[in-house]
Amino acid sequence: MDYIGKSVIRKDALDKVTGEAKYTNDFQEAGTLHANLLISPYAHANIVSIDFSEVWKIPGIKAVLGDEPYPLVGEEIKDRSPIAYKRVRYHGEPVAVVVAETPIIAKRGVDAIKVSYEPLPVVNSPREAFQQDAPLLHEDMESYEKQERVYPIPNTNIANLNKIRKGNIEQGFMESDVVAEFTISFHPSDHAAMETRCAIAEIRPDGTVIFTTSSQAPFALKKLMKWYFGIEPGRVIVKTPIVGGAYGGKASIQLEVIAYLASKATGGRPVKLFNTREEDMITSPVHIGLDATVKLGATRDGMLKAAEIQYLFDGGAYSDKAVDISRAGAVDCTGPYRIDHVWCNCYCMYTNHPYASAYRGYGHSEVLFAFERTMDVLAEKLSMDPLDLRYKNAILPGDTTPTQVLLDSSRVGNLPLCIKRLKELMKWGEGQINEMDGGKIRVKGACCIWKTSTFDPDATSGVILTFNPDGSINLMSGVVEIGTGTKTVLAQILAERMKIDINMIHVKMLVDTQTVPEHWKTVGSRGTFMAGRAVLAAANDAIRQLKDRAACILRAPAEDLQVGYGKVYVADNPDFSIDIKDLAYGYTFPNGNTIGGQIIVSGNYTIPHMTYIDPETGKGDPGPEWTVGAQGMEVELDTRNYTYKILKAYSVIDIGKVLNEKAALGQVMGAMSMGIAFGGRETFVFDDYGRVLNPQLRTYRPLHYGEQPEYIIEFVETPHLAAPYGARGAGEHGLLGMPAALGNCLSSALGVQLNKLPLVPEQLWRISNEVNQ
């Protein structure tokens with residue numbers, strides 16, 4: 001093939017490296033006002049009073065919002081006021097908004113607001129929230145409007161419960177000779193995208209609402225504005241330029257609603273709301289936390305028989321996307337293993353923490369940390385090599401998932417081959433632990449991963465192709481370019497199908513919901529799959545039209561013609577041909593007769609045969625395929641002070657088909673880096689009052705320069721037959737097992753079972769001392 005599998009330079013590369021690329025905050029029209037947020041210093045409190053009188057004395061103030069009831073919002077449950085009213089439920093929650101002529105005046109206005117609070121008891125973890133005597137964060141839960149297939153439990157802090165019931169759990173444990181049970185926990189953390197969130201809203205005189213926003217879900221915003229405010233989707237236009245990193249954090253709708261309310265308060269003028277880094281970390285949605293207990297049963301020879309699981313997701317103060325994240329965690333609750341008897345309760349809990357958005361992996365890295373750590377605990381009990389245990393139980397074609405989907409090789413790939421190759425790369429047979437001089441230990445740890453994407457069954461993706469007079473093609477898709485290079489891959493797919501020079505394909509990066517077709521959301525490693533199928537459908541239509549036109553001119557049946565290399569030609573006699581550029585805008589005969597006009601084609605794709613999951617059993621077909629893989633890590637630990645250095649990180653992933661080699665390697669490597677930071681560095685530190693103590697990059701700890709290990713990445717290719725050229729999603733999968741691999745590594749080195757993230761030296765020291773006392 002000419003382009004599939006090749007390392008094609010990204011279409012947005014030049015603009016980004018030269019600084020020409022425009023992000024949301026770079027857009028500034030004359031007359032734009034600026035909004036600034038007053039955020040709560042408390043995690044849970046009643047708002048006793050708000051005094052705006054001093055604000056209005058400042059010249060340049062145009063509006064002040066707050067201290068009034070606004071329509072409730074939320075993606076699955078309407079449980080959140082865009083601006084807190086009467087009560088705040090997390091540290092950083094917006095309490096008031098000041099709109100002014102400049103950002104500086106808006107900040108002065110915020111500083112002039114006087115608020116009196118009455119602190120309330122704080123729920124500081126999902127396990128606390130689960131207790132029967134826990135303070136209720138939403139006493140009026142029954143009154144909230146919600147979407148279908150959301151299952152809150154009134155008079156509790158449970159925003160949603162998804163159940164998985166496969167086989168007979170009692171029978172599974174009766175068939176088990178060895179049982180391993182393990183409990184883990186970790187706090188919420190941040191996405192730390194380079195670009196902080198930004199939204200601009202304007203209400204035109206005819207009522208049309210125009211947004212420019214750094215969103216992963218511009219088309220979802222159109223629909224949610226109807227649910228929130230009754231505005232018809234045709235009256236909402238959303239523009240999304242290139243996004244400077246998102247990782248799921250920009251899939252939630254938050255600043256857009258506040259900017260809309262601010263515009264409404266100022267007579268429809270455009271209002272920009274741009275997060276500071278601190279606001280982006282705690283005011284806007286965060287990476288979800290988790291408390292979990294996993295209990296596994298196996299025979300003496302290591303065959304898994306039963307899995308009993310409780311996942312308590314830390315959805316934070318409001319449910320928003322956490323409901324769907326907990327559902328995704330339930331769907332793939334066991335990891336990529338054949339287990340006949342599964343019982344899982346997956347809860348989305350209300351706490352007094354910042355509320356959660358999607359995070360790269362969408363619940364999977366979280367549940368895999370719990371499950372894969374328990375797999376190592378089980379291996380130790382069985383006195384069995386941990387990778388041999390995984391190989392023996394690896395899910396295969398013919399097995400079923402926790403939601404009882406019967407798999408074939410197209411949908412699940414080849415996990416045993418991934419494990420086998422990982423063993424070879426890591427030289428696993430040479431031993432897991434190697435003691436060195438000076439109290440240092442080199443140790444290896446590993447895990448397995450899998451993930452499907454729990455899309456809405458009616459999620460759609462469309463593409464429009466328009467031809468230019470020179471035979472080049474404009475490609476328009478609703479996929480948001482968030483750094484994944486998806487639109488470059490779409491150009492590769494089109495170039496391959498049309499056999500056209502990829503430089504003749506012009507990709508529109510800016511998404512404008514009025515002019516580009518819908519792509520449901522740019523999430524879940526589904527952009528290439530769905531939009532790629534839409535590209536192929538559009539390309540096939542373009543080829544048909546080109547053949548039909550050329551058949552009249554070349555006087556040959558359309559079925560005898562081929563399209564490629566800038567021409568339409570007779571298959572068995574390529575000398576009889578016509579240039580595509582002479583057909584793209586119609587063809588004019590010497591006498592002036594003309595046939596056709598500009599070729600404009602479209603393609604659309606919706607995943608077939610997907611179903612909702614049953615509320616009582618979890619049975620259902622939630623996704624198109626499962627990407628599987630095996631990951632590992634090699635660490636050097638200093639047992640004297642519990643510091644460690646990650647030397648090598650490994651990923652072997654069944655990607656189906658590599659479309660762009662360097663892009664795929666970059667995506668997996670970047671995801672692995674995020675996973676290492678999540679497992680070993682990044683977390684919010686909460687005090688007893690639920691306040692985040694480290695909401696700045698000075699104290700919140702991503703990986704720093706020089707801390708990156710050597711990344712060793714390989715791909716297995718078992719084609720997914722429904723996907724463009726067989727490719728599986730892989731944008732998230734490098735992250736999924738890194739926390740678990742790190743935990744397994746360090747647990748082996750220390751001889752203790754580590755159960756909390758992040759695995760900082762202090763954590764290792766504390767747990768080791770607790771065990772050894």
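This section describes the sheet, cores, aromatic contacts and backbone features of a predicted model.

An open sheet is formed by 8 strands in the order β3-β5-β1-β12-β9-β10-β11-β23, with mixed pairing. At the level of residues, Ala201 has Phe211 of β10 as its bridge partner.

Two helices are in contact with this sheet. Helix α2 (residues 103-111) packs on the sheet and touches β1 (33-39), β3 and β5 (94-100), and its direction makes about 30 degrees with that of β1. Helix α6 (residues 255-265) lies across β1, β3, β5, β9, β10 and β12 (271-274). The angle between α6 and β9 is about 35 degrees.

In UniProt, an unreviewed entry lists residues 18-121 as "domain: Aldehyde oxidase/xanthine dehydrogenase a/b hammerhead". In the model, this span is 10% helix and 34% strand, and its end C-alpha atoms lie 51 Å apart.

In soluble globular proteins, nonpolar side chains tend to be buried together. The largest nonpolar core of the model has 120 residues, of which Tyr311 and Phe371 touch the most other members. Helix α9 (residues 364-382) gives the most to this core, contributing 10 residues. Another core, of 51 residues, lies apart from it and includes Ala21, Ile502, Leu536 and Leu546.

A pair of aromatic rings is described by the distance of the centres and the angle of the planes. The structure holds 18 aromatic pairs. For Tyr90 and Tyr318, the ring centres are 6.3 Å apart and the planes stand at 75 degrees, so the pair is edge-to-face. This pair links distant parts of the chain, 228 residues apart: Tyr90 is in the loop between β4 (87-88) and β5, and Tyr318 is in the loop between β15 (304-316) and α8 (322-331). Tyr90 and Tyr318 are both buried. Tyr318 also pairs with Tyr355; the centres of these rings are 6.1 Å apart and the planes are at 80 degrees, so this pair is edge-to-face. The partners are separated by 37 residues, with Tyr355 placed in the loop between β16 (341-350) and β17 (356-357). Both members of the pair Tyr318 and Tyr355 are buried. Elsewhere, one aromatic cluster is formed by Phe186, Tyr359, Phe369 and Phe678.

Several backbone features fall in loops. The peptide bond between Leu757 and Pro758 is cis, with omega about 0 degrees. Pro758 belongs to the loop between β33 (756-757) and α18 (761-772). Positive phi values in residues other than glycine occur at Ala192, near 55 degrees, and at Tyr642, near 65 degrees. Ala192 is placed in the loop between β8 (178-186) and β9 (198-203), whereas Tyr642 is in the loop between β30 (627-638) and β31 (643-654). Ala192 has a relative accessibility of 26% and therefore counts as partly exposed. Tyr642 has a relative accessible area of 14% and is therefore buried, the cut-off being under 20%.

Key. Residues numbered from 1 in each chain as written. Predicted model: local features only at pLDDT ≥ 70, side-chain atom pairs only at ≥ 80, totals over all residues. Heavy atoms only, no water. Helix = DSSP H or I, 4+ residues; strand = E, 2+ residues; numbered from the N terminus. Buried < 20%, exposed > 50% of the residue type's maximum accessible area, 1.4 Å probe, protein only. Pairing = 2+ DSSP bridges. Contact = heavy atoms within 4.5 Å. Axes fitted to C-alpha atoms, helices over the stretch in contact; angles between N-to-C directions. UniProt positions renumbered as here; feature names shortened; annotations may be inferred. Core = buried A, V, L, I, M, F, W, Y, C linked by side-chain atoms within 4.5 Å. Phe/Tyr/Trp six-rings, centres within 6.5 Å; stacked < 30°, edge-to-face > 60°.
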